[in-house]
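Here is a friendly walk through the model, meant to be read with the structure open beside it.

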Amino acid sequence: MKKDIAQLIVQDLDGVRRLKPLLHHITNFVVMNETANVTLCIGALPVMAHAKEEVEEMVRAAGALILNIGTLTPELIESMTLAGRVANELNIPIILDPVGVGATSLRTESARYLIKSLKIDVIRGNSAEISILAGYGGQIKGVESVGGLDNMLEIVKEFAFKRDCVVAVTGKEDLVSDGRRVALVGNGDPMLSTVTGTGCMATTLIGAFAAVQKDRFLATVGGLVAFGLAGEIAARESGGLPGTFHVALYNSLAHLSSQDILSGCRVQMA
Amino acid sequence: MKKDIAQLIVQDLDGVRRLKPLLHHITNFVVMNETANVTLCIGALPVMAHAKEEVEEMVRAAGALILNIGTLTPELIESMTLAGRVANELNIPIILDPVGVGATSLRTESARYLIKSLKIDVIRGNSAEISILAGYGGQIKGVESVGGLDNMLEIVKEFAFKRDCVVAVTGKEDLVSDGRRVALVGNGDPMLSTVTGTGCMATTLIGAFAAVQKDRFLATVGGLVAFGLAGEIAARESGGLPGTFHVALYNSLAHLSSQDILSGCRVQMA
Amino acid sequence: MKKDIAQLIVQDLDGVRRLKPLLHHITNFVVMNETANVTLCIGALPVMAHAKEEVEEMVRAAGALILNIGTLTPELIESMTLAGRVANELNIPIILDPVGVGATSLRTESARYLIKSLKIDVIRGNSAEISILAGYGGQIKGVESVGGLDNMLEIVKEFAFKRDCVVAVTGKEDLVSDGRRVALVGNGDPMLSTVTGTGCMATTLIGAFAAVQKDRFLATVGGLVAFGLAGEIAARESGGLPGTFHVALYNSLAHLSSQDILSGCRVQMA
């Protein structure tokens, strides 16, 4: 099984690099440059466009639509809704990153509104964001989850089943479920938490894989394995230095090889 | 005295790393990513949130509120005012970075409005920004101070006394005053002026220290010493190369040690 | 001829470093930090200011005004128009980067509106953007030109003649024309396409040169030679790694020498 998944991820990464899907981001102003660069590194093409006057037109060329509420305003939610409706019509996958859900009611309500108004394909957040979205508690400090939850695996599976989408919680270990299947992704490195926006970057990678892999559960696992592996490789070269790690992360994403994936992929089906 | 201050700074840096205060930034779009990363490097947690619909709720969890007018709009001033009022109620320190005051009347008047409407704890700017805010002349080119002022120390002290806050002017040497005490911080390196947003980063560091040190004068000195030292260490490893320096600056902030501070702190009480 | 141009570029780069012109950017949120840093690296001063309440005042101090529609909104077009009118009155050169023209009608129409409403000095884009602006076809995927055009040189020359401005198309080889003269700039490296915003950075460099060189055709050639050479030098040190290249690009811009230009400048007059 693990071998099969690794081989699928290799194929999908090849697909991304060959097809260069356009990833339309409506995202926060903190990580726009970083997620655009991550998109280029993995072999896809980024476009950041958020004006309500153009998002419906822009998304038509996209392989995936990435919605990230990190620096949310009501205007951005309007643009996300407009772009999302077109994406839904055209079966373009939508990946939602509910940054900071639970920190303010604007964020919590906006994320809930997007989930209700649109058919979201994948939701990726930290444990607090997902737990709060799912209707359970959770502690969030700004946009950072603090304190763990024992039953996260159950929460993820149930939430994915209810919303009929893929849900991913990233953290020390990543959990992915589509409501039936559950995967644990062991790839990653603690250095990822020393750089801002690495969660958003993971979401971008899921978008890149979803643009070429119709099984969104496998796409999500693939994106998280690729990103986690790149983080591991970068950490080995960085000596605990966050600035050096940030640079190395782009390098390792751009040079991630089939061999890296086949030998390093750590996925467990629960 | 110098030894005492160095030891206090060591304690406060430990405090930041242990308590991980949330630094709520309402800041400019140029340096959002950079100041978020600096926040992580020093051991605190960043949140960038500027929608008027959420800033009052977000700031409640913050250890400090950082207001930076670098890419100002009237909407941002409204958000800053809303967040600032809540911060004042809850005794959360407010650090103001009046980027580009003097360059346009929008900036000058907005900074004056914020200073009048809110109880600001610390104002940090370059010599032109502070001198103009204090009602004296000053030459600014965009957001850069050009030409020095002989009597800056007196201006800083008087302005701090009048506004009952801490005022810091950063430059070749930093001046800090709360209207009674005056400190000269000798840490820093000319390489800091080769990277955009280093002034904003210094302001973020002041916010981190103010979140754990109630004496805002000492917090300001601490933030500037820590940032200046990190700049010195990064410069030694960068060979005059600004890209390399930028990366090294994050590294040196993250690894700044008690020993670095005790041996490198250059503060003189005037 | 080639020697003469190289010597002119050396003089203009010296001029930029000596005069430190202020480059007022009204630009996209993806590359704000990067273009500010590129501005500092080449020796000029950046200011990013987009509020309609202040752009007319800010631009008065500028040596060049750079308009970039990468994350366009109608509000930004209004600000660009206001700033542009003042720039025109004061003979401050305006450089337009029509990012993503052809991808949405908002972008195409806004770029056309700016070109009609203002006297633009230089337009720099990729082949699709320029070809579409000039009224010919072109394929664009997000903000990336896909597929080449055989007769680009003719399109550029004709478009420059009609609009009475300098037009530059950057790509594998750069084409520059003012409607009479045509230059081919061979400097550059494929690594430049691995980092987001390098087109925007090239536009910033043109702005820096235009601030000191009244012949906008020569200024455009100069900016593109300097940027291309910096890219070549950075690529030699980067081993195909995009994160490393990005850092090295700032380094090589900051340290670009007269000797680099005299020995490496590759300009051909067509």
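## A buried isoleucine in chain B

Let's start with Ile95(B), which lies in strand S4 (residues 94-97) of chain B. Keep in mind as you look that this is a predicted model. Is Ile95(B) buried or exposed? With 32 other C-beta atoms within 10 Å, Ile95(B) is buried, because 20 or more such atoms are enough to count as buried.

Which residues surround it? Setting aside neighbours within four places in sequence, Ile95(B) is in contact with Ala64(B) and Ile66(B), with Asp121(B), Val122(B) and Arg124(B), and with Thr203(B), Ile206(B), Gly207(B) and Ala210(B).

## Chain A as a whole

Now zoom out to chain A, whose secondary structure comes to 11 helices and 11 strands. Its radius of gyration is 17 Å, close to the 18 Å that the globule rule gives for 270 residues, so chain A is as compact as a globular protein of that length. The C-alpha trace of chain A spans about 45 × 40 × 35 Å along its principal axes.

How much of chain A is buried? Buried residues make up 68% of its 270 residues. Contacts tell us about the fold too: of those in chain A with a separation of 6 or more, 72% are between residues 24 or more positions apart.

## Two packed helices in chain A

Two packed helices are described by the angle between their axes and the distance between the axes. In chain A, helix H4 (residues 74-89) and helix H5 (residues 105-117) pack at an angle of about 15 degrees, and their axes are 10 Å apart. That makes H4(A) roughly parallel to H5(A), since angles under 35 degrees count as roughly parallel. The crossing of these two helices, H4(A) and H5(A), is right-handed.

On the H4(A) side, the contact is made by Ile77(A), Met80(A), Thr81(A) and Gly84(A); H5(A) brings Ser110(A), Tyr113(A), Leu114(A) and Ser117(A). By class, the residues of this contact between H4(A) and H5(A) are 4 nonpolar and 4 polar, with no charged ones.

Helix H4 (residues 74-89) of chain C packs with H5(C) at an angle of about 15 degrees, the axes being 10 Å apart. That makes H4(C) roughly parallel to H5(C), and H4(C) passes H5(C) in a right-handed crossing.

Here Ile77(C), Met80(C), Thr81(C) and Gly84(C) in H4(C) meet Ser110(C), Tyr113(C), Leu114(C) and Ser117(C) in H5(C). The residues of the contact of H4(C) with H5(C) comprise 4 nonpolar, 4 polar and no charged.

## Where the chains touch

Between chains C and A, 27 residues of chain C are in contact with 26 residues of chain A. On the chain C side, helix H2 (32-42), helix H5 (105-117) and helix H10 (242-254) each give two or more residues. H10(C) gives the most to that side, with 4 residues. The chain C side that touches chain A has 12 nonpolar, 11 polar and 4 charged residues.

The contact of chain B with chain A takes 26 residues from chain B and 27 residues from chain A. Which elements of chain B give two or more residues to the side that touches chain A? They are helix H2 (32-42), strand S2 (45-48), helix H3 (55-58) and helix H10 (242-254) of chain B. This side of chain B has 19 nonpolar, 4 polar and 3 charged residues.

Definitions and conventions. Residues are numbered from 1 along each chain as its sequence is written. Chains are lettered from A and ligands numbered from 1 in the order in which they are written. This is a predicted model: local features need pLDDT of at least 70, side-chain atom pairs count only at pLDDT 80 or more; totals for chains, interfaces and linings use all residues. Axes are lines fitted to C-alpha atoms, for helices over the stretch in contact, and angles run from 0 to 180 degrees between N-to-C directions. Angles under 35 degrees count as roughly parallel, over 145 as roughly antiparallel, 65 to 115 as roughly perpendicular and the rest as oblique. A crossing is left-handed if the near helix is turned anticlockwise from the far one by less than a right angle, and right-handed if clockwise. Two residues are in contact if their C-beta atoms, placed from the backbone, lie within 7 Å. Ala, Val, Leu, Ile, Met, Phe, Trp, Tyr, Cys and Pro count as nonpolar, Asp, Glu, Lys and Arg as charged, and the others, Gly among them, as polar. A residue is buried if 20 or more other C-beta atoms lie within 10 Å of its own, exposed if 12 or fewer, and partly exposed in between; C-beta atoms are placed from the backbone. The radius of gyration is taken over C-alpha atoms; the globule rule is 2.2 Å times the number of residues to the power 0.38.
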